[in-house]
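Open your viewer, show the side chains, and follow along from stop to stop.

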Amino acid sequence: AGYRLNVAFHLDADELEQLLPGPGRNAATGNGGSANDEAVARLRQAAALWRGPTAYAGVTDDLVSAERARLDATRVHLVEDLAELLMTRSVGEAEESLDLAKGLISDHPLREKPCCIAMLAACRVGRQAEAFAEYTALRTRLRDELGVDPSRATQQVFAQVLRQGAEPAT
């Protein structure tokens, strides 16, 4: 009388958790070389697991809403980490970093970290005017929607871009 569940199943979410850095470790703080290459490979593999715009797309049950929010936030952080790592590598990868950051800005226009990544990546590939435009757009959105200015950290990144600093601050 009852159900018997086979608990030997595999979820993409479980694989995602195994690929991401553990608590307190940031994938974007690679030491260069093979550690950096491994971090990029793991983040790319984790990002490839994502198959839609949001976790549990189409499921309306409230039981999954917290997990959906957690997985969506995890995705944002992993794309930020990947973009941050790529920005410090080759110019071609800095272009990819810029594209990833712009995608995050489109999805989360009030998040400052993707804008910082976009500014630094644009500067790295020689597009300082684009970096300036990203900051100006963020500042306008924050003022119009929240009545605040960008954080001190974002302002410091912008100052770095103004000084034509192509390398990100670590």
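Start by selecting D149: is D149 buried, partly exposed or exposed? D149 is partly exposed, with a relative accessible area of 41% (buried means under 20% relative accessible area, exposed over 50%, and partly exposed in between, with a 1.4 Å probe and protein chains only). Before moving on, note that this is a predicted model, where local features need pLDDT of at least 70, side-chain atom pairs count only at pLDDT 80 or more, and totals for chains, interfaces and linings use all residues. Residues are numbered from 1 along each chain as its sequence is written, and side-chain values use heavy atoms, leaving out hydrogens and water.

R143 and D149 form a salt bridge, with their closest N and O atoms 2.5 Å apart (a salt bridge is a side-chain nitrogen of Lys or Arg within 4 Å of a carboxyl oxygen of Asp or Glu). R143 is also partly exposed, at a relative accessible area of 46%.

Next, select R127 and E130. This pair makes a salt bridge too, with 2.7 Å between the closest N and O atoms. R127 has 29% relative accessibility and counts as partly exposed.

Go on to D37 and R89, whose side chains meet in a salt bridge (2.8 Å, N to O). D37 sits in helix α2 (residues 33-48) and R89 in the loop between α3 (65-87) and α4 (91-107), so the pair ties together parts that are 52 residues apart in sequence. Helices here are DSSP runs of H or I with at least four residues, numbered from the N terminus. The whole structure holds 12 salt bridges.

For a contrast, select E112 in helix α5 (residues 112-124). E112 is buried but has no salt bridge; R141, the nearest side chain of opposite charge, is 9.8 Å away (Lys and Arg count as positive, Asp and Glu as negative, while His and the chain ends are not counted). What does the side chain of E112 make a polar contact with? The partner is the side chain of T154, at 2.4 Å (a polar contact is a pair of N or O atoms within 3.5 Å; within protein, one must be able to donate a hydrogen and the other to accept it, and residues adjacent in sequence count only if both atoms are side-chain atoms).

Technical notes
Helix = DSSP H or I, 4+ residues; strand = E, 2+ residues; numbered from the N terminus.
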